[in-house]
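Please read the short report on the structure shown below. It covers contacts, the core, ring pairs and the backbone.

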Amino acid sequence: MAGEDLIEVKFRLFDGTDIGPSKYDPTTTVASLKETILARWPQGKEIAPRTINDVKLINAGKILENNQTIAESRTPVCELPGGVITMHVVVRPPMLDKTNEKQLAKAQKTNRCACTIL
């Protein structure tokens with residue numbers, strides 16, 4: 001594998017900061033990229049993913065599937081030769097468990113007000 005075959009990718013986080021750029025083999029899967037993002041996630045961020053399922057990667061307006069490779073997800077029209085590909089990272093908010101959902105529903109019911117016009 002020649003160094004020319006590697007694809008340079010950086011990941012843009014929701015707050016505008018970047019992870020990378022780093023060079024990857026074109027056969028690297030999106031799931032592997034997500035694992036790299038989890039390992040290199042900046043400390044001290046309020047929102048942080050726990051698993052690769054909490055992360056979505058977007059390239060050229062398309063959400064990438066875990067089984068895709070970098071080569072399959074590339075859009076040659078939008079890329080400059082030798083340029084860095086910027087993939088946007090979206091983190092799914094933590095899911096509410098059943099007890100939190102019940103508490104939220106109860107709070108919504110108790111905070112109602114009613115007006116009567118006579």
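Which residues does Met-87 touch, not counting residues up to four places away in sequence? They are Val-9, Lys-10, Phe-11, Arg-12, Leu-33, Leu-57, Ile-58, Asn-59, Leu-64 and Ser-73, where contact means heavy atoms within 4.5 Å.

## Basis

This is a predicted model, in which local features need pLDDT of at least 70 and side-chain atom pairs count only at pLDDT 80 or more, while totals for chains, interfaces and linings use all residues. Residues are numbered from 1 along each chain as its sequence is written, and side-chain values use heavy atoms, leaving out hydrogens and water.

## Nonpolar core

The largest nonpolar core has 18 residues, of which Phe-11, Leu-57, Met-87 and Val-89 touch the most other members. Such a core is a set of buried (under 20% relative accessible area, 1.4 Å probe, protein chains only) Ala, Val, Leu, Ile, Met, Phe, Trp, Tyr and Cys residues joined through side-chain atoms within 4.5 Å.

## Aromatic pairs

The structure holds two aromatic pairs. Rings of Phe, Tyr and Trp (its six-membered ring) pair if their centres lie within 6.5 Å; planes under 30 degrees apart count as stacked, over 60 as edge-to-face and the rest as tilted.

Phe-11 and Tyr-24 form an edge-to-face pair, 6.3 Å centre to centre with 65 degrees between the planes. Both Phe-11 and Tyr-24 are buried. The Phe-14 and Trp-41 pair is stacked, because the ring centres are 6.4 Å apart and the planes at 25 degrees. Trp-41 is buried, at 7% relative accessibility.

## Backbone

Most residues other than glycine have a negative phi, and most peptide bonds are trans. Ala-60 has a positive phi of about 55 degrees. The peptide bond from Gly-20 to Pro-21 is cis, with omega near 15 degrees.

Terms used
Buried < 20%, exposed > 50% of the residue type's maximum accessible area, 1.4 Å probe, protein only.
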